[in-house]
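Dear colleague,

Please find the structure below, handed over for your own work. The findings follow it.

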Amino acid sequence: MGTMAALVFALLAVNILLGSYTVTIPDFFAMLGGKTIPGASFIVMENKLPQALLGMLAGASFGVAGAVFQTMLRNPLASPDIIGISYGASATAVAAVVLFGVRGAGVSVAAIIGALLVALVITVLARGRGGTGLILIGIGAAAFMQAVVTFLMSRADVSNAQELMVWLTGSLNSANWERVGLLTVALVVLAPFVAVGSRELRGLSLGDDTAAGLGFNVPRARLLLTILGVLLAALPTAAAGPIAFVAFLSGPIAKRLNGGAASLPLSGLVGAAIVLAAHFFAVNAIPGTSLPVGVVTGALGAPFLLWLLIYTNRANQGG
């Protein structure tokens, strides 16, 4: 845990201090203290710093959300970006912008509503079908939400469409202090529930019958964890877009680092590290071009998804 926290801090510093525009540590602390350095102050304080902080917060939130669903459903495919929850948040956020001209915090509210609605629908439709049934229904819901987004994009004006396309890819390029502040406050509010959820998750990871035998209220725990996971997926989606595969990758990596045991805090740190590393590469890989961070995380996650599907299929055939 300590090593991963140190890695996240190092990646945060790298994103702020290095890259196409470098700044010294003394100059950075001088700017934090209020000193204005022509050129540098704007680039660092209004561009690089909010992007890095938003990436760290969004990655941590996605990482915890993914670990919640994957552990609760005991399936590595059960992450919000696979089962449609992130797409539900995206669809309602896009609808709010295109149809009603909503901006700012209103987009976050719309994203949360969409994610909760999709989670409710797939939970009701998958009742009695187990985790695999929920995942399959969620994949169908994700495809439907993608179609909704495509239709809405065709109705958007050119300026909105260009902005939304970047956002839908998952990008930190338009990060600002308002988004950082809103996401920070939201995650601070959710932090106590994450602590409670960690305990409930440890019980559910043993199986419903065993958890009930140990005194856990399984229906209440599932409801709490579902709402918590949805919020943790919807909030960063509203702030930075549905950054692909961060929720999907973080849980399994954290589990391997933790000796096979799920850990929400470690999953959050892994998610933050993935986004920060991907953002630095996206901004600096091609001189003069700043790619959306979702392009890089998508390139990392797609091969892992294919490998996991092949591995799962072989394991099932072997069993």
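A salt bridge is counted where a side-chain nitrogen of Lys or Arg lies within 4 Å of a carboxyl oxygen of Asp or Glu. By this rule the structure holds one salt bridge. The side chains of Arg-199 and Glu-200 form it, at 3.7 Å from N to O.

Please note that this is a predicted model, in which local features need pLDDT of at least 70 and side-chain atom pairs count only at pLDDT 80 or more, while totals for chains, interfaces and linings use all residues. Residues are numbered from 1 along each chain as its sequence is written, and side-chain values use heavy atoms, with hydrogens and water left out.

For accessibility, buried means under 20% relative accessible area, exposed means over 50%, and partly exposed lies in between (1.4 Å probe, protein chains only). Glu-200 is buried because its relative accessibility is 6%. Arg-199, with a relative accessible area of 48%, is partly exposed.

Turning to the aromatic residues, rings of Phe, Tyr and Trp (its six-membered ring) pair if their centres lie within 6.5 Å; planes under 30 degrees apart count as stacked, over 60 as edge-to-face and the rest as tilted. Searching the whole structure gives four aromatic pairs. In one of them, the ring centres of Phe-245 and Phe-248 are 5.8 Å apart and the planes stand at 55°, so this pair is tilted. Phe-245 is buried at 15% relative accessibility, and Phe-248 is buried at 0%. The rings of Phe-248 and Phe-304 have centres 5.4 Å apart and planes at 65°, so they are edge-to-face. This pair links distant parts of the chain, 56 residues apart: Phe-248 belongs to helix α11 (residues 246-257) and Phe-304 to helix α13 (residues 293-318). Helices here are DSSP runs (H or I, at least four residues), numbered from the N terminus. Phe-304 is partly exposed, at 24% relative accessible area. One aromatic cluster is made up of Phe-245, Phe-248, Phe-304 and Trp-307.

Finally, helix α5 (residues 105-125) has 21 residues and should span 30 Å at 1.5 Å a residue; its end C-alpha atoms are 31 Å apart, which agrees. The expected span is 1.5 Å times one less than the number of residues. Among the buried residues of α5 are Val-107, Ile-112, Val-118 and Ile-122. The buried residues of α5 pack against α4 (85-100), α6 (130-155) and α10 (218-240), where contact means heavy atoms within 4.5 Å.

With kind regards

Note on methods: Helix = DSSP H or I, 4+ residues; strand = E, 2+ residues; numbered from the N terminus.
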